[in-house]
Amino acid sequence: MKEIVDFVSQPWPWYVAGPVIALVMFSLIIFGNNFGISANLRTVCSIVGAGKNCEFFDFNWRSQMWNLIFAFGLILGGFITHEYLTTPEEVTLSASTIADLAELGIEAPGDQLVPLSIFSWESLATVRGFIILVVGGFLIGFGTRYAGGCTSGHAISGLSDLQLPSLIAVVGFFIGGLFMTYLVLPYLFTL
Amino acid sequence: MKIFRYIIVGIIFGITLAKAEVISWYRIYEMFKFQSFHMYGVIGSAVILGIISVQMIKRFKIKTIDGEPIVINPKQMSISRYLFGGIIFGLGWAMTGACPGPMFILLGNGVGVILVVIASALLGTYTYGLVRNKLPH
């Protein structure tokens, strides 16, 4: 058993992760749903009563409960990995990424899963931390509903069904992502 | 039991994205800098196998686990909605290094402050609902 746990605990290469993601999508289709995570944000809005003053949230959210149960599974999966399947190894980033991050002033790139100088409660009280966590989160929630899907709904499900709208959305993801990474983040890290 | 199957698939997906470091802010930064093949390999191989499985479902008219026919609805065609929405999403994705799935996985991983990102994303979704009639779709 220990050998199995040790084996699974190593970082997974892309050629393991990609096929498992395809299998997850396939399973959800076979369950009669579609693979798309961000819809659960709309479901939560509906559950807490946003449907009262906005028709966009006025739908039968009970039919979408599976999406929240799936999200609960995601939290559990993260917890299990954190508690039982971790290795002391750090995220093995490419040398050029490490050099770029050092230039931005990010300490020990890849030492943790996320840079703690941003992802901490103390950081939330700083201008930079607030912008990244609050504005960043807002853009995700707004953009994903506007585009009708996120990475799972468009980049995985939509492209798998060869849907042109999803390709346009993915091009949009990259326009936004590249603009942020090359032009905005370097400025944010000077704050 | 239906609840059980979604939890199991969710756990598998959570462990996979965590162990492949897809939930790492650093990996998303590296992807947008085109400095590693890792994320492209993850998404690319998932899509290639996804295309094959969707084609199989359509060709062999595979039914759901409950015996219902599978219908995959084509998305309504538009450019502005997907492009503008996609750009806004991409800005947030590169900023936080997390898309909607990884947010929840990071929470399980003990990154508590991600709750702020989740709450902000809910607010963003709610705001979209309020102003959507004024946006080009």
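pLDDT is the predictor's confidence in each residue, on a scale from 0 to 100. Keep that in mind as you start, because where pLDDT is low, the predicted coordinates should not be read in detail. Select chain B: its pLDDT averages 95, and 99% of the residues score at least 70. The model scores ipTM 0.95 and pTM 0.96.

A word on conventions before we move on. This is a predicted model, in which local features need pLDDT of at least 70, side-chain atom pairs count only at pLDDT 80 or more, and totals for chains, interfaces and linings use all residues. Residues are numbered from 1 along each chain as its sequence is written, while chains are lettered from A and ligands numbered from 1 in the order in which they are written.

**Stop 1: chain A as a whole**

Select chain A and switch to a cartoon. You will find nine helices and zero strands; helices are DSSP runs of H or I with at least four residues, strands are runs of E with at least two, and both are numbered from the N terminus. The C-alpha trace of chain A spans about 50 × 45 × 35 Å along its principal axes. Of the 191 residues in chain A, 46% are buried, where buried is 20 or more other C-beta atoms within 10 Å of a residue's own, exposed is 12 or fewer, partly exposed is in between, and C-beta atoms are placed from the backbone.

**Stop 2: α3 and α4 of chain A**

Now select A 39-47 and A 65-84, which are α3(A) and α4(A). Their axes lie 9 Å apart and the helices pack at an angle of about 115°; axes are lines fitted to C-alpha atoms, for helices over the stretch in contact, and angles run from 0 to 180 degrees between N-to-C directions. That makes α3(A) roughly perpendicular to α4(A), a label for angles of 65 to 115 degrees (under 35 is roughly parallel, over 145 roughly antiparallel, the rest oblique). Show the side chains of A:Ala39, A:Asn40 and A:Thr43 on α3(A), and of A:Asn67, A:Leu68 and A:Ala71 on α4(A), for these make the contact. Two residues are in contact if their C-beta atoms, placed from the backbone, lie within 7 Å.

**Stop 3: from α3(A) across to chain B**

The axes of α3(A) and α6(B) come within 9 Å and cross at roughly 75°, which makes α3(A) roughly perpendicular to α6(B). Here A:Leu41, A:Arg42, A:Val44 and A:Cys45 meet B:Ala121, B:Leu122, B:Thr125, B:Tyr126 and B:Gly129.

**Stop 4: the whole contact**

Zoom out to both chains. How many residues does each chain give to the contact? Chain B gives 100 and chain A gives 104. On the side of chain B that touches chain A, α4(B) gives the most, with 16 residues.

**Stop 5: α2 of chain B**

Show B:Trp25, B:Tyr26, B:Arg27, B:Ile28, B:Tyr29, B:Glu30, B:Met31 and B:Phe32 to see them. Then bring in what covers them, including α5 (95-104) and α9 (164-188) of chain A and also α3 and α4 of chain B. Last, click on B:Phe34, which follows α2(B) and has a positive phi, near 55°.
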